[in-house]
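Welcome, and please open your viewer with the selection tool at hand. We will go from stop to stop, picking a few residues each time.

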Amino acid sequence: VLLKKLQHAADLEKRQNEEEAENMVGQEVTYGSIIQLLHLKSNKFLTVNKRLPALLEKNAMRVNLDQSGNEGSWFFVLPYYKLRSNGDNIFVNDKVKISPAPLGSLSALNASGHALLDHPGCNEVNMTNNCDTSWKISLFMDFSENRDDILKG
């Protein structure tokens, strides 16, 4: 009985998340907005696991891709520079800080200096408190327009 209730609650939350995602399509994202980041190729959500250390940078939290997402899949988009503030529009080429919604602005998404052993030329992405990483906002490109010199979400 408990398992059925849990499954029903999970299904209900998934439907609510899908409805919320549909409502957000076409909406402007402003500084301070809460977003989810979906990896298009795998159709998985970027997710912070605050209970596990990052694989290479042990003082950071692990970031991975999760099929359905969870409370660690929600992020604030914050200004990297002080000239912008919460509520301001985000423009193409703006530098932003991406911070986990449950943890607030204490930590941020970090492009680590540690190279991945199984993916030469790639570095670990993790969540850390002492982060100076900024992320550049670019217009969406279809995967068929893939270019190595453009960071795509």
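Start by selecting N93, which is partly exposed with a relative accessible area of 47%. This is a predicted model, and in it N93 sits in the loop between β5 and β6. Check its backbone: phi is near 80°, a positive value in a residue other than glycine.

Next, pick N43, in the loop between β2 (38–39) and β3. Here, too, a residue other than glycine has a positive phi, near 60°. N43 counts as partly exposed, at 45% relative accessibility.

Now show helix α1, residues 2–24. Its 23 residues reach 33 Å from the first C-alpha to the last, close to the 33 Å expected at 1.5 Å a residue. Just after α1, select G26, whose phi is positive at about 85°.

Then turn to the largest nonpolar core, which has 14 residues. Select V48, V63, F75, V96, I98, L109 and M127, the ones that touch the most other members. Colour the strands as well: β3 (44–53), β4 (61–66), β5 (75–79) and β6 (95–100) each supply at least two residues of this core.

Stay on V96 and display its contacts. Leaving aside residues up to four places away in sequence, V96 touches Y31, V77, L78, Y80, I90, T133, S134, W135 and I137.

From that list, follow Y80 to the last stop. Which residues form the aromatic pair? The structure holds one such pair: Y80 and Y81, edge-to-face, 5.0 Å centre to centre with 80° between the planes. Y80 is partly exposed at 25% relative accessibility, and Y81 is partly exposed at 44%.

Note on methods
Residues numbered from 1 in each chain as written. Predicted model: local features only at pLDDT ≥ 70, side-chain atom pairs only at ≥ 80, totals over all residues. Heavy atoms only, no water. Phe/Tyr/Trp six-rings, centres within 6.5 Å; stacked < 30°, edge-to-face > 60°. Buried < 20%, exposed > 50% of the residue type's maximum accessible area, 1.4 Å probe, protein only. Core = buried A, V, L, I, M, F, W, Y, C linked by side-chain atoms within 4.5 Å. Helix = DSSP H or I, 4+ residues; strand = E, 2+ residues; numbered from the N terminus. Contact = heavy atoms within 4.5 Å. Expected span 1.5 Å × (residues − 1).
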